[in-house]
Amino acid sequence: MPDRPPRLAERLLHRLVPGKDGDVIAGDLAEAWAERGGGRLWYWLEVLTCLRVRLSPNRRVLPDLGRDLHYALRVIRRNPGYAVAAMLCLALGIGVNSSVFSFLDGMYFRLLPVPQADRVVAFDRDGRTPSFWRDYLSIRDGIHAFSGIAATAGRGTFMDVERANFGIVTETVSANYADVLRVKPALGRWFRPSDELPGAEPVVVIGDGIWETWFGRDPRVLGRNVRIEMQWYRIVGVAPEEFQGVSAPIRVDAWVPLTTYPIARAQLADPHGPGPTVSLVGRLAARQTVERAAAEIAVIDARLRQAHPRETLYATPLHVRLFRGIPSPAARRVTRSIAILLTAIAGIVLLIACVNVANLLLSRAAVRRREMALRRSLGASRGRLLRQGMAESVILALGGAALGIGFGYATDRALALWMPPSIPLAVLRGIHLQMNWRVAAITAALALVCAVLFSLAPALEGSPVELVSALKSDAPTSRGRRLGQRDLYVIAQVALSLVLLVATGLLLRALQRIERIDPGFATDHRLYVRLFAPDPDFTPEAGTRLFTRLLDEARALPGVRGATLSFDVLGFSDSACVSPSRGPSDGHASINVVEPNYFQLMRIPIVQGSNFSPYTQPVLDTPKAIAAGSPPLDIIVNQTLARRQWPGRDPIGKVLWLGCPDGDPQIAARVIGVARDSKYIALDEDPTPLFYASRRQLWWNGYFALILHTAGDPAALYAPLIQLARTGGPNLRTYELGTFDDVIQSSLWRVRWQARLLGAFGLLALALSVVGLYGVVAYSVAQRTREIGVRMALGAQRIDVQWMVLARGLRLTAAGIAAGLALSASATRFLRGFLYGIDPLDPTAFAAAALAWLFIAMLASYIPARRAARVDPAISLRYE
Amino acid sequence: MSEYLGEFEQIVLLAIARLGESPYGVPIRREIEKGARRRVSVGALYATLDRLEAKGYLHSWFSEATAQRGGRSKRCFRLLPAGFEALSRSKTMLDRMWQGVSIEGGSRA
């Protein structure tokens, strides 16, 4: 043979055509080379033509894959225990993730459950309501890009069914609503154009929830009457179960024609007014695109702006976008932080699960070292064995994913149950958690990524050189390095789960702190109903007379110790401009308008000066009248406002000017007292400046909460209170009804929900990591049985052996805790928004998490340590 | 199967048929170069062999290594009945098409 064919080309050939086929071709080429006596260029060209063989669709990849899968299944069937363990670990991780994805899906991607939902677009002015009813009517028929545009306005209110009264969300809509969305009724019908004509009989379409809860899915519900906003509505239809309106994330309970809704009717009564504000949804006409619709809308929006130059609403441009998930960017912003938190946690849990499975596979790989070495020495290539391992991993991962979707269904239910039920807090309620193909696809993709990740672990480790020693004996030859890799995994698991524990601890601390916050007023045995006597229906005089009567009658109810009126309740407040002198105002303060006995009934002490006079004074109906020379308004300021306006001086008798310069004329107010600070919007708020005015002197918008102090259970007074409110006539609106304890509780829902969620995930991560730690320690005991036997034969005490094993577990845990603490220190910063003032590096939370892990690690290593101590040297050395 | 063989496929199948005794890559290539007077790259040959095997016209197996190949094994081929059938189908088709056709000047080859 002259000289050898070029090595590099041979190498390339084996790359192009792997395995035995490459060998065959190389052999052919070698013969030809010998025959023609060399020719490097020729050889190279020939090798390059083998690209065709590589790219040929007839390469027998699939039969091999089938064999791989078949073999993998056989291996798994023979060792079901380890396969089940791995699948369960994965299922937990994947399940949590699939639920989080279904949450994100509902937020960002899901289309409305209507036919051709990809043709439905939402209108938006950066979170503000896009239009007025008047302008909606003027534009809706003139836009070519749409086959129809519907108007809707979501409103929280109450519904009466028989004698029950409960909170609902309604969408007040244009009559073409269902036609535009193409949503079919589950029962009865949707609205007809005649339903929104003036004088039409009020009709309502109820949602599945109300049908289920209040009518037991009775088909005879059609024709029954319910009362909304003190007006009777006849039920003409039931919406399909999956349809929850277009106000996501809020779930809509009932739909009524906008023109029949009392508040809207009052606004529509003014022929020159713009009418109520409405949201818009449209359906694209055939062969139209969102872009074309956007262009047309821009023109119309410009025309609106021109026609109503003083209308501030139209200053923000109008956008259209496909209706997906939560359409409003403003609502998305609210849920984004929770979404990010959830995704991060779920990612960590999955990572831990993957590491766990990698660890499991590693110990399997150690057990199968001989098998692998044997196969290699019989000619299997490394790639072949890698592929084999990959096939096993893929099967495990797919099994895990299938189980995970089941788990995900369960976690979906759990997440949905944990979502807060009450109306003002319904941010998350409407995010309908459900599995769909997108979620399933992402779950499957995740599973595959996991499979690749953890099948790499044993592959990275399987070193090619130790065949002989691996074949020769059971003894681990390179224990140091291999256990090193597994040790790293355990350390990573401990660190990651510690991060979750620390985060949970921080949230619990935040919850604890918030629960301990004194709201500044008494909450027990107190309930309220919020009422509204709106402007066109009630003059200030009539409104004041009505509230005085309600107050007197409330005091006379059995079981009532006292009653009062207040504009604010926790979470609901208003503000006004205040300044120390007439002229440009230098700041805002919150305002509350109260009955004089408010301070006494709510146990808010007047720390200086005096309370409002309980004697009736003439009602000062408008700020204008006050400005015209009425006696000055008396106000009571809170400590924060007093400190801000008159630091270090006595505020009593000082004058404060109320009213914004560009609004009504400013009025002078004289400070007669200082009340202790309390909480006004949320428990975690900073001290807020606020002043009180007496309702005997000032009428403020017509809102009042009627507050009762009861002798017994406040819930017992719900019904009498509603009854009382109804005596106010059909124009008096009734809003929330609740106890103050409930208000406090629900203002905590967010942090409580987060703590609970994180806690659940943290426990899951902890459980997974403990299994991992236990596995590693137990495995090392199994590996070292002989060594332990020798030690004991040489005189080591049981306690020494026990300690040796325990120390190993603790060393790993300590390293993991150190890494986890460092990781947490940098990660918890992102939680700051959830912590209500707790330092993200709060030492209590960090120390508690570290100690908890240490304790658990002791338990996890104790079992294998005991087993090690029971090793009988005589038995373990017999095989030597 | 109503499908007809491509020209190169026919050449390869015919080469194997001519060689008879389960030939491997080198003799097949030599046969083609000799009989069909065209150069064949090893890549084109094996890609076609793979394809014919996938179609069920050929059967292949690995046989023992010989020293002159640097200890590498061979892949031997045998024509299956379906291969013969495909060849004869192609030939019949060509014969049919040639009926009544004569080319001026005749064949020079």
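A:E35 and B:R30 form a salt bridge through their side chains, N to O at 2.8 Å. The term covers a side-chain nitrogen of Lys or Arg within 4 Å of a carboxyl oxygen of Asp or Glu. The model is predicted: local features need pLDDT of at least 70, side-chain atom pairs count only at pLDDT 80 or more, and totals for chains, interfaces and linings use all residues. Side-chain values use heavy atoms, with hydrogens and water left out. Five salt bridges are counted between chain A and chain B.

A:E46 pairs with B:R29 in a salt bridge, with the closest N and O atoms 3.2 Å apart. A:E46 sits in helix α3 of chain A and B:R29 in helix α2 (residues 25–35) of chain B, so this pair joins two chains. Helices are DSSP runs of H or I with at least four residues, strands are runs of E with at least two, and both are numbered from the N terminus. A:E46 and B:R29 are both buried. Buried means under 20% relative accessible area, exposed over 50%, and partly exposed in between (1.4 Å probe, protein chains only).

## The interface

Chain A and chain B each give 24 residues to the contact, which means heavy atoms within 4.5 Å. The area buried between them is about 2200 Å², and carbon and sulfur atoms give 51% of it. Buried area is the accessible area (1.4 Å probe) that two parts lose on being put together, summed over both.

Eight residue pairs are in polar contact between chain A and chain B, both residues at pLDDT 80 or more. Three elements of chain A give two or more residues to the side that touches chain B: α2 (19–36), α3 (40–49) and α4 (51–55). The largest share, 13 residues, comes from α2(A). A polar contact is a pair of N or O atoms within 3.5 Å; within protein, one must be able to donate a hydrogen and the other to accept it, and residues adjacent in sequence count only if both atoms are side-chain atoms.

## Salt bridges within a chain

Over all chains, the structure holds 36 salt bridges. In chain A, the side chains of A:D301 and A:R305 meet at 2.5 Å, N to O, in a salt bridge. A:D301 and A:R305 are four residues apart in helix α11 of chain A, so about one helical turn separates them. A:D301 is buried at 3% relative accessible area, whereas A:R305 is partly exposed at 33%.

In chain B, B:R18 and B:E31 form a salt bridge of 2.8 Å, N to O. B:R18 lies in helix α1 (residues 7–19) and B:E31 in helix α2 of chain B, so the pair ties together parts 13 residues apart in sequence. B:R18 is exposed at 61%, while B:E31 is buried at 10%.

## Aromatic pairs

There are 23 aromatic pairs over all chains. Rings of Phe, Tyr and Trp (its six-membered ring) pair if their centres lie within 6.5 Å; planes under 30 degrees apart count as stacked, over 60 as edge-to-face and the rest as tilted. A:F132 and A:Y314 are edge-to-face, 6.0 Å centre to centre, with 80 degrees between the planes. Both A:F132 and A:Y314 are buried.

The rings of A:F547 and A:W699 are tilted, with centres 6.2 Å apart and planes at 45 degrees. A:F547 is buried at 0%, and A:W699 is buried at 13%. One aromatic cluster holds A:Y177, A:W190, A:F191, A:F243 and A:W255.

Notes. Residues numbered from 1 in each chain as written. Chains lettered and ligands numbered in written order.
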